[in-house]
Amino acid sequence: MYLRTHFLAGFLSARLFGFNAFYSIISGILAVLIDLDHPISYSIKHHKLKFKEVWNRCVREETNARSFFHKAYGVVLSSLAIIIIYLLLSREIATIIFSAYYSHIVLDAVKFKRKRHWDFGRIFIVRTSIEDIILDSLLLIGSLLSFL
Ligand SMILES: [Zn+2]
């Protein structure tokens, strides 16, 4: 799934938990940061250091170069960390991390069979399809409706 979709899902998830716009944006950003392991893993695996090249290859190849947070043991350990944060530190912080992390993992489990896609951007490629546009639109509409 693409970064914009992760942001929207993390944002909407936090809104559904009752958080205000600021904390919902934090949730959206956390949901995006979880995917930093894609370019890092790709960079290490293929010995590439230029961010633009790594980004564009990750988008074009839709690589499965995933590490810790996306693997089963990562989900287990992240869940344990969220529970510990919930019990010992802050219910609010744990809930924001929960909404960011689980919205991300659920979306990554969805595999669209994109019949057709388009690439945009001269420097950094952004890929989209009809399925992505529909999902992003629904998440955006849900986010806007959460303020009513
Ligand atoms: Zn991911």
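**Entry 1: isoleucine 97**

I looked up the partners of isoleucine 97, leaving aside neighbours within four places in sequence, and found it in contact with Leu30, Ile82 and Ile85. I count two residues as in contact if their C-beta atoms, placed from the backbone, lie within 7 Å. The model is predicted, so I note that local features need pLDDT of at least 70, side-chain atom pairs count only at pLDDT 80 or more, and totals for chains, interfaces and linings use all residues. Residues are numbered from 1 along each chain as its sequence is written.

**Entry 2: isoleucine 82**

I then turned to isoleucine 82, which lies in helix 5. Helices here are DSSP runs (H or I, at least four residues), strands are runs of E of at least two, and both are numbered from the N terminus. Not counting residues up to four places away in sequence, isoleucine 82 touches Ala94, Ile97, Phe98 and Tyr101.

**Entry 3: helix 5 and helix 6**

The axes of helix 5 (residues 72-88) and helix 6 come within 8 Å and cross at roughly 160°. Helix 5 is therefore roughly antiparallel to helix 6. Axes are lines fitted to C-alpha atoms, for helices over the stretch in contact, with angles from 0 to 180 degrees between N-to-C directions. Angles under 35 degrees count as roughly parallel, over 145 as roughly antiparallel, 65 to 115 as roughly perpendicular, and the rest as oblique. The crossing of helix 5 and helix 6 is left-handed (the near helix is turned anticlockwise from the far one by less than a right angle; clockwise would be right-handed). On the helix 5 side I listed Val75, Ser78, Ile82, Ile85 and Tyr86.

Helix 2 and helix 6 have axes that come within 8 Å and cross at roughly 40°, so the pair is oblique. Their crossing is right-handed. Leu30 and Ala31 are among the helix 2 residues in the contact, and Ile97 and Ala100 are among those from helix 6.

For helix 1 and helix 2, I read axes within 7 Å and a crossing at roughly 140°. This crossing is right-handed. The contact includes Leu8 of helix 1 and Ala31 of helix 2.

**Entry 4: the nonpolar core**

Which residues have the most contacts inside the largest nonpolar core? They are Leu8, Ala31, Ile97 and Ala100, in a core of 16 residues. A nonpolar core is a set of buried Ala, Val, Leu, Ile, Met, Phe, Trp, Tyr and Cys residues joined through C-beta atoms within 7 Å. Helix 1 (3-16), helix 2 (21-33) and helix 6 (91-109) each give two or more residues to it. Helix 1 gives the most, with 6 residues.

**Entry 5: the whole chain**

I count 7 helices and 2 strands, in the order α-α-α-α-α-α-β-β-α along the sequence. The C-alpha trace spans about 40 × 35 × 25 Å along its principal axes. Buried residues make up 22% of the 148 residues.

Notes. Buried ≥ 20, exposed ≤ 12 C-beta atoms within 10 Å, placed from the backbone.
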